[in-house]
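Let us take a walk through a protein model together. Please look over the sequence and the structure first, and then read on.

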Amino acid sequence: MPIEVLMPALSPTMTEGTLAKWNVKEGDTIASGDVIAEIETDKATMEVEAVDEGTVGKIVIAEGTENVAVNAVIAYILEEGEDASALDNVSASSGGAAPAAEEKTAAPAEEAAPAASTASAAPVAASGAIERSDAEPRAMSVMNATQDEKTYTSFKTQTVREALRDAMAEEMRGDENVFVMGEEVAQYQGAYKVTQGLLDEFGDRRVVDTPITEIGFTGMATGAAFMGLKPIVEFMTFNFAMQAIDHIINSAAKTLYMSGGQLGCPIVFRGPNGAAARVGAQHSQCYASWYAHCPGLKVIAPWSAADAKGLLKAAIRDPNPIVFLENEIMYGQSFEVPDDDDFVLPIGQAKIEREGTDVTIVAFSIMVGKALKAAEQLAEQGISAEVINLRTIRPLDVNTIIRSVMKTNRLVTCEEGWHFAGIGSEIASVVMEHAFDYLDAPVARVTGEDVPMPYAANLEALALPQEQHIVDAAKAVCYR
Amino acid sequence: MATTKRKRATTRADNQASSDDLLKYYREMLLIRRFEEKAGQLYGMGLIGGFCHLYIGQEAVVVGMQSAITGDDGVITSYRDHGHMLACGMDAGGVMAELTGREGGYSRGKGGSMHMFSKEKNFYGGHGIVGGQVPLGTGIAFNYKYRGEDRVCLTYLGDGAVNQGQVYEAFNMAALWQLPVVYCIENNQYAMGTSTQRHSSSPDLYQRGMAYGIPGEQVDGMDVLAVKEAGERAVAHCREGKGPYILELKTYRYRGHSMSDPAKYRTKDELDKMRKEHDPIDMVKKLLIDGNIIDEAGLKDIDKEVKAEVAKAAEFAQNSPEPDVSELFTDILIDA
Ligand SMILES: Cc1ncc(C[n+]2csc(CCOP(=O)(O)OP(=O)(O)O)c2C)c(N)n1
Ligand SMILES: [Mg+2]
């Protein structure tokens, strides 16, 4: 059988090109590696090398032909011992090798794929129906009750800081593979004292002070997690995780997928996120929507000490990479925490902190406290607000939000971050997709102002979302 | 040029500074010290918020380096930036008013202690992300070379910053393209609570450019004359078109990392020894007195002047109004 020489593609998107020049003629003997032709597109020129050896049996496409389709037969090479008669049957069977004008209109291969998710997308959320694992479609199925949290009888009062420390200590006691790494986590006891006492109990093999090399130690910890260790990486604040975001997303979040399920990454990235007080633009920012955007990560943002403890323990046990967003201003606040070593909270489950009937307020992290205070103010004004503490941002607890909105018909979302492509935007979309008919007012978003964080006290106060903004937004959606 | 790894502890003996120079260094270092003491005080009064990183103890570094360049050269540093700004000739009142977050501050109150700039004085910040200023300063040097200007950029970084990967990416490009940048490593021996021994595999930070062929020297950063002399050598190297240079300035910060750091990771003896035996201001003071350049009364007059300047700055910083609320939404993008 003569060997077919096909029109090669210069790039993945090339569909056709010009056969500019033949360097051989019929009857020439060629060896693999010989340049036999030159092809061109409007962007580039490339030499065609022979891959096989033999004799040029037939040149099918003449020099200078334009619009030659990729993969069309341009020549035949006769193998040793074959003569021209071998060409008799092939030429007939693959005659369609000529210019490919009609084929091109029929199948512009590389453009066909995206069409499915854009042009042809029905009014259903383009990405919603099939792949989105965090959203059960449509209001009806959303009615399935979420599983109830275990109830506890004995409690102790703890700060968020202590709860986080205890969560780590308990998990480290239970699992030798868990270790903590970060700047000032050991000898200094944590820049914000969250790892206080861990060095004493677990030693410097498991509580590791690093140099200031975020991308380096994040990559290292991720590599260790590929091997089954369970690192807890503390970022002094999430602002500095921007140095390391490449490994969080490109390595930790994607490797399971890229390896076809072989390499998991049981790692927790934790530290304070969001605005601190008066530290200016480079040290005051909410990263919730940055990480929540990315498949392959789970994103948690606790509010209370119980959230912090139960969710951090769950995060450490989870086999996936988790971004755990704490808040510096919350560290010193005290809450009741179940007094039980087995206390763990489920990831992906929001909590209704206050029940209400007139408006749903969704918040996470420090904004939950502000939402609860706003709800009190609203109650005095005769508006019954339901406050949902998201606790996990991704996977988002769509059920709890939708069920609440079906009851109240009004929604206010709250976050410290910027509004553009924020968590509120996602929630508004989800509610529109699943409970459009239940909404009596457009969803209102309370967010940080669309500016880098200013340092001046007066401007900083104006840049951050406050209790009063939530009250105003709730009244607005209630048309009051 | 081959990699030099001169470990010469340059000392005062090598130097002859003029009386005027010595007096100038004394005054400039004293201004930084008094300014920082005042900032610490205002912080304690709640007039300055957030992080505030004082420069006390390290004054000889910026004053010495500044005397090795001209006003046309650039300077960029981290968040520990007050001293650099004063050394660049920025107005103490404008710096202090930025610390208090007022309209009269260099960033009109929007930057804060860590983020100040003065295009006029060629001071380019004021950066909060450890190591971030290193490629930026290298880019400023790139700009100088690109435009064919005879200017150098002093790029300051801490001993902790030296471990950031982007520092080496910058070193490589600076050496590759022979950029006029002097990397001034202020080795104050601690990155927050972590001592150099605990964060760096090799304690000799001046050698960090060896792999790129960048010459480096270690300098007594408590000795302003030694700093100036080494600075002049480094700057001359850049001006001759030979590319980057590294100076490791061994120094010490007397205060905690920031106002909220009790600095329990080091002994009081260590600190006292530094203060007593290596204080950069005392050193120059002794030269002035021993050389009969000025007497105690003369020094007192300088002290008074400096104190008055700082008091004026503090007053301005307290009386300057907060920025107008409309400032919240300005300077985000330039209208195009
Ligand atoms: C990327 C990054 N990581 C962590 C921090 C927090 N941080 C601020 S200063 C500092 C120590 C830096 O030490 P060094 O470079 O020696 O400078 P010095 O403070 O001694 O002047 C740390 C860890 C930060 N600002 N940026
Ligand atoms: Mg240092």
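This is a predicted model: local features need pLDDT of at least 70, side-chain atom pairs count only at pLDDT 80 or more; totals for chains, interfaces and linings use all residues.

Residues are numbered from 1 along each chain as its sequence is written, chains are lettered from A and ligands numbered from 1 in the order in which they are written, and side-chain values use heavy atoms, with hydrogens and water left out.

**Where the two chains meet**

Start with the place where chain B touches chain A. Here 39 residues of chain B are in contact with 33 residues of chain A, where contact means heavy atoms within 4.5 Å. Together the two chains bury about 2800 Å², and 60% of this is on carbon and sulfur atoms. Buried area is the accessible area (1.4 Å probe) that two parts lose on being put together, summed over both. On the side of chain B, the residues that lose the most area to chain A are Ile129(B), Arg198(B) and Leu328(B), together 22% of what that side buries.

A salt bridge is a side-chain nitrogen of Lys or Arg within 4 Å of a carboxyl oxygen of Asp or Glu, and the count between chain B and chain A is one. By class, the side of chain B that touches chain A has 15 nonpolar, 17 polar and seven charged residues. For this sorting, Ala, Val, Leu, Ile, Met, Phe, Trp, Tyr, Cys and Pro count as nonpolar, Asp, Glu, Lys and Arg as charged, and the others, Gly among them, as polar.

**The magnesium site**

Which residues coordinate the magnesium ion (ligand 2)? They are Asp159(B) through OD, Asn188(B) through OD1 and Tyr190(B) through O, at 2.1 Å. Donors are N, O and S atoms within 2.8 Å of the metal (3.2 Å for Na, K and Ca); water is not among the atoms, so sites may look incomplete. Along the chain, the donors follow the spacing D-x28-N-x1-Y.

His199(B) has a link to one of these residues. Its side chain makes a polar contact with the side chain of Asp159(B) at 2.9 Å, and another with the side chain of Ser200(B), at 2.9 Å. A polar contact is a pair of N or O atoms within 3.5 Å; within protein, one must be able to donate a hydrogen and the other to accept it, and residues adjacent in sequence count only if both atoms are side-chain atoms. Leaving aside neighbours within four places in sequence, the contacts of His199(B) include Pro211(A) and Asn163(B).

**Buried or exposed?**

The table lists relative accessible areas. Buried means under 20%, exposed over 50%, and partly exposed in between (1.4 Å probe, protein chains only).

| Residue | Relative accessible area | Class |
|---|---|---|
| Asp159(B) | 1% | buried |
| Asn188(B) | 5% | buried |
| His199(B) | 6% | buried |
| Leu288(B) | 0% | buried |
| Ile332(B) | 39% | partly exposed |

Setting aside neighbours within four places in sequence, Leu288(B) is in contact with Leu22(B), Leu23(B), Tyr26(B), Ile293(B), Ile294(B) and Leu299(B).
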